[in-house]
Amino acid sequence: MSTLDYFVILIYFAGLITVSFMMSRKINNSEDMFIAGRHSSWWLSGVSSYMTIFSAGTFVIWGGVAYKSGLVAVVVALCVGLSSLAVGRWISGKWRQLSIKSPGEYLVIRFGHKTVSFYTISGIITRAVHTATALYAVAVVMCALVKVPSDCFLASTGLPGDAAAGYLSIWWALLLLGSITLVYTIAGGFLAVLMTDVIQFGVLLAVVVFMIPLSLNAVGGVEHFFSEASAIPDFFSGTSSNYSWMWLVLWTILNVGMIGGDWPFVQRYISVPSVKDARKSTYLIGILYLITPFIWYLPTMAYRLIEPGIGFDNAAMTYAGEHAYVEMSKLVLMKGMIGMMIAAMLSATLSNVSGILNVYANVYTYEIWGYRKRNRNCSESKRIRIGRLFTLCFGAAIVILAMLVPLAGGAEKVVVTLLTLVMCPLYIPSIWGLFSKRLSGNQLIGVMATTWIVSILAKLFVPSSIIHANICESLCGCVLPLLLLTSMEMLSAFQGKEQKGFGNLLSHRISDEAESVSEKNKASVKNYSHMAISCFCITIGFIALLLFGLLIAHDPKALAVKHIVWWFTGCILAVILAYMIYRKTDRHECR
């Protein structure tokens with residue numbers, strides 16, 4: 001990477017931290033800290049949820065699948081879109097109907113405090129290891145690209161996990177990425193998470209969209225791409241040996257559970273003003289996931305024509321696929337834009353980490369620390385301090401675990417797979433409790449314990465020759481808990497049992513009158529929306545300025561595709577101009 005690339009990355013992260021400190025001035029109480037005072041607009045919540053699903057794995061793992069198998073990676077992502085639409089239709093509005101401040105409060109009301117402790121402890125352990133491994137994966141990508149003098153204190157030391165000599169050390173990469181995420185999450189709370197998600201969305205969307213015409217140009221145009229790619233066996237097939245139609249159906253159901261019940265998503269549903277907004281935010285996730293997957297994966301699909309992998313064995317093909325996005329970026333992007341692409345890849349994971357930190361701080365502050373009698377009537381300022389302290393401790397633990405990943409010697413892949421089997425089934429019972437008046441807390445814990453035992457035993461002892469590993473994991477994580485919950489529901493119905501917790505839940509539902517949004521709240525929602533769009537426009541405006549500067553500086557790569565650069569820059573300026581006209585018109589109407 002060039003000096004300009006490093007400068008762009010530095011400016012990007014400085015921008016994130018600056019925004020977080022600006023948002024910290026708007027935190028007056030714990031609701032502002034953890035759910036943005038319920039003033040998040042539906043589109044802001046939807047974009048943030050969209051970014052929560054992203055990680056470096058979107059580019060590395062699924063980009064690798066697109067390189068090896070083609071269209072199937074797009075189909076896998078489209079299934080997430082269908083899942084989101086289903087959640088918007090039946091689930092997300094249910095969460096916003098409840099007058100709760102955290103996902104943990106729902107569990108206390110519906111199932112009792114024992115259940116929220118069970119969920120929180122399970123979630124903290126599994127999320128910490130899972131997130132640490134994701135953070136390590138993106139740090140590896142960063143280290144492979146950032147060169148430093150071998151005698152610099154930031155340079156590789158040759159310890160396990162470090163990059164080659166002359167590159168950034170994995171330890172410093174993890175410390176830098178973890179510190180940046182902690183700073184903006186602690187300082188600005190959930191509002192900073194929302195705003196930085198919009199910035200990250202702007203970078204991600206702009207860079208990936210820019211890469212599409214560049215990638216197609218590199219392989220000879222649209223017609224040549226489709227004619228050459230069609231010659232690759234099953235490249236435009238919607239399924240593959242690893243991702244069959246059965247797996248895709250199970251994957252869709254599993255994502256309904258994740259998007260409908262995972263705490264970072266629930267936090268976003270309860271942060272909007274109304275039930276209608278919660279549904280619209282989830283519909284937005286679905287629409288984006290039905291439109292953008294081909295945009296993400298087309299560059300790696302095009303790279304297959306440049307590096308066809310002829311003579312590669314499966315391991316070499318996998319390696320080439322996982323590096324396809326980075327290699328295509330190096331090939332088609334100019335100086336500065338490579339740094340922007342790396343920033344997009346890094347921010348995809350950091351967005352996920354920041355959301356997890358904030359939501360667990362929310363649950364801890366309200367339902368673990370705040371459950372103690374002596375803490376129930378504490379001041380709002382103390383709640384904010386406790387939330388920030390938990391965020392610091394939990395984030396530091398994740399960074400330390402990420403630093404230990406290299407010492408696992410590859411065992412982390414097995415650990416993450418097992419923890420995924422533990423984590424994914426947590427979503428389904430909590431959603432079930434929104435609709436069922438019979439499921440008890442003990443039954444919920446029993447379902448989870450049974451699912452985990454069966455899942456881990458199946459993973460360890462059922463050979464892939466009997467059932468494919470992907471299908472086995474999906475059956476254990478999705479179908480098994482559904483069957484167990486259905487059995488318990490039928491048994492409780494036969495016994496005529498109904499749980500008191502469901503009645504408590506009904507009493508916490510917001511009436512139609514209470515749900516009506518006041519003019520003051522509408523003004524706050526509008527204010528946050530304007531701040532978010534301003535952040536987005538500044539972000540893409542910086543990208544347009546960078547591209548214009550490259551043309552002025554006669555950058556060879558920029559000049560070679562100057563028609564694409566001018567077209568893309570013009571589109572960005574049109575978006576910014578349209579927003580400026582809207583703001584001017586809006587201010588005029590408000591007078």
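The lining of the largest cavity divides into 6 nonpolar, 4 polar and 2 charged residues, with Ala, Val, Leu, Ile, Met, Phe, Trp, Tyr, Cys and Pro counted as nonpolar, Asp, Glu, Lys and Arg as charged, and the others, Gly among them, as polar. This is a predicted model, where local features need pLDDT of at least 70, side-chain atom pairs count only at pLDDT 80 or more, and totals for chains, interfaces and linings use all residues. Residues are numbered from 1 along each chain as its sequence is written, and side-chain values use heavy atoms, with hydrogens and water left out.

So what's a cavity here? On a 1 Å grid over the protein atoms alone, it is a set of points where a 1.4 Å probe fits but cannot get out, and lining residues have an atom within 4 Å of a point. By that rule there are 3 cavities of 30 Å³ or more. The largest holds about 110 Å³ of space, a volume being the space filled by probe spheres set on the points, which are joined across faces, edges and corners. Among its lining residues are Y119, R127, D262, W263 and Y427. Two elements, α8 (113–145) and α20 (427–435), each give two or more residues to this lining, and α8 gives the most, with 4. Helices like these are DSSP runs (H or I, at least four residues), numbered from the N terminus.

On to the second largest cavity, at about 60 Å³. Its lining includes Y50, F54, F201, T292 and W296. Here α9 (170–218) and α14 (293–306) are the elements giving two or more residues, and α9 has the largest share, 5 residues. By class, you get 9 nonpolar, 1 polar and no charged residues.

Now back to α20, and its packing on α22 (residues 469–495). The two helices meet at an angle of about 35°, with axes 10 Å apart; axes are lines fitted to C-alpha atoms over the stretch in contact, and angles run from 0 to 180 degrees between N-to-C directions. From α20 come I428, P429 and W432, while the α22 side includes G477, P481, L485 and E489, contact meaning heavy atoms within 4.5 Å. That contact has 7 nonpolar, 2 polar and 1 charged residues.

Zooming out, the protein chain comes to 27 helices and 0 strands. Its radius of gyration is 24 Å, close to the 25 Å that the globule rule gives for 591 residues, so the chain is as compact as a globular protein of that length. That radius is taken over C-alpha atoms, and the rule is 2.2 Å times the number of residues to the power 0.38.

Conventions
1 Å grid on protein atoms, 1.4 Å probe; cavity = no way out; pocket = protein on both sides within 12 Å on 5 of 7 lines; lining within 4 Å.
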